[in-house]
Amino acid sequence: QPFHEAFEKLKAAHPAQAKTAAQTLQLYLTNLTAHPEDPKYRKINPGNAAFQARVGTLEGGLEFLSRCGFVREGPEQGGFLVAPPELDMRVVEAAVTELNVQLLYL
């Protein structure tokens with residue numbers, strides 16, 4: 001699974017922060033699957049301080065979201081991370097499953 005590889009990279013580089021990162025990613029993705037039509041849950045502000053501390057600055061964190069299908073949109077593609085309309089929710093659900101498994105061992 002591409003998610004597994006990205007999270008393993010994060011876990012290896014940041015073992016002390018891996019559980020918080022997994023919980024944060026799980027929250028974003030679970031909200032998205034529960035409310036796929038709500039624009040609020042389809043975008044992430046990568047400049048948000050909490051996101052930066054928990055996911056954004058960790059090796060593998062942005063890669064995990066990218067492998068879920070999130071893309072950069074906005075000024076020079078440095079803006080929000082967005083779940084595009086064509087995003088396959090089955091992919092996001094598989095990523096949530098991967099995070100659930102990871103959390104069993106963290």
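I started with Phe51, which counts as buried at 1% relative accessibility. Buried here means under 20% relative accessible area, exposed means over 50% and partly exposed lies in between, with a 1.4 Å probe and protein chains only. The model is predicted, so local features need pLDDT of at least 70 and side-chain atom pairs pLDDT 80 or more, while totals for chains, interfaces and linings use all residues. Residues count from 1 along each chain as its sequence is written, and side-chain values use heavy atoms, without hydrogens or water.

**Aromatic pairs**

How many aromatic pairs does the whole structure hold? My search found three. Phe3 and Phe64 have ring centres 5.8 Å apart and planes at 50°, so I logged the pair as tilted. (Rings of Phe, Tyr and Trp, the last by its six-membered ring, pair with centres within 6.5 Å; planes under 30 degrees apart are stacked, over 60 edge-to-face, the rest tilted.) Phe3 sits in helix H1, residues 2-13, and Phe64 in helix H4, residues 61-68. The pair links distant parts of the chain, 61 residues apart. (Helices are DSSP runs of H or I with at least four residues, numbered from the N terminus.) I checked burial, and both Phe3 and Phe64 are buried.

Next I took Tyr28 and Phe51. They form an edge-to-face pair, with 5.9 Å between centres and 70° between planes. Tyr28 belongs to helix H2 (residues 18-34) and Phe51 to helix H3 (residues 49-56), so the pair ties together parts 23 residues apart in sequence. Tyr28 is partly exposed, at 26% relative accessibility. Phe51 is buried.

I also looked for clusters. Phe3, Phe7 and Phe64 make up one aromatic cluster.

**Nonpolar core**

Which residues have the most contacts inside the largest nonpolar core? They are Leu29, Phe64, Leu65 and Phe70, in a core of 27 residues. H1, H2, H3, H4 and helix H5 (89-104) each give this core at least two residues. (A core is a set of buried Ala, Val, Leu, Ile, Met, Phe, Trp, Tyr and Cys joined through side-chain atoms within 4.5 Å.)

I then listed the partners of Leu65. Setting aside residues up to four places away in sequence, Leu65 touches Leu25, Leu29, Ile44, Phe51, Phe70 and Leu81. (Contact means heavy atoms within 4.5 Å.)

**Helix H5**

I moved on to H5. Its 16 residues reach 23 Å from first C-alpha to last, close to the 22 Å expected at 1.5 Å a residue. (Expected span is 1.5 Å times one less than the number of residues.) I noted its buried residues: Met89, Val92, Ala95, Val96, Glu98, Leu99, Gln102 and Leu103. Their cover includes H1, H2 and H4. At the start of H5, a side-chain oxygen of Asp88 comes to within 2.9 Å of the backbone nitrogen of Arg90.

What does its side chain meet in polar contact? I found the side chain of Glu8 at 3.1 Å and that of Glu98 at 2.8 Å. (A polar contact is a pair of N or O atoms within 3.5 Å; within protein, one must be able to donate a hydrogen and the other to accept it, and residues adjacent in sequence count only if both atoms are side-chain atoms.) Beyond four places in sequence, Gln102 touches His4, Phe7, Glu8 and Lys11.

Ala22 is in H2. Its relative accessible area is 0%, which makes it buried. I found Phe7, Leu99, Leu103 and Leu106 touching Ala22, not counting residues up to four places away. Its C-alpha is 8.5 Å from that of Val55, 33 residues apart along the chain.

Leu58 lies in the loop between H3 and H4. Is Leu58 buried or exposed? It is buried, at a relative accessible area of 5%. Its contacts beyond four places in sequence are Leu10, His14, Gln17, Ala21 and Ala53. The C-alpha atoms of Leu58 and Ala13 are 7.8 Å apart, across 45 residues of chain.

Ala53 is partly exposed, at 46% relative accessibility. Ala53 touches Gln17 and Leu58, again leaving out residues up to four places away. From Ala53 to Thr20 I read 9.6 Å, C-alpha to C-alpha, at 33 residues apart in sequence.
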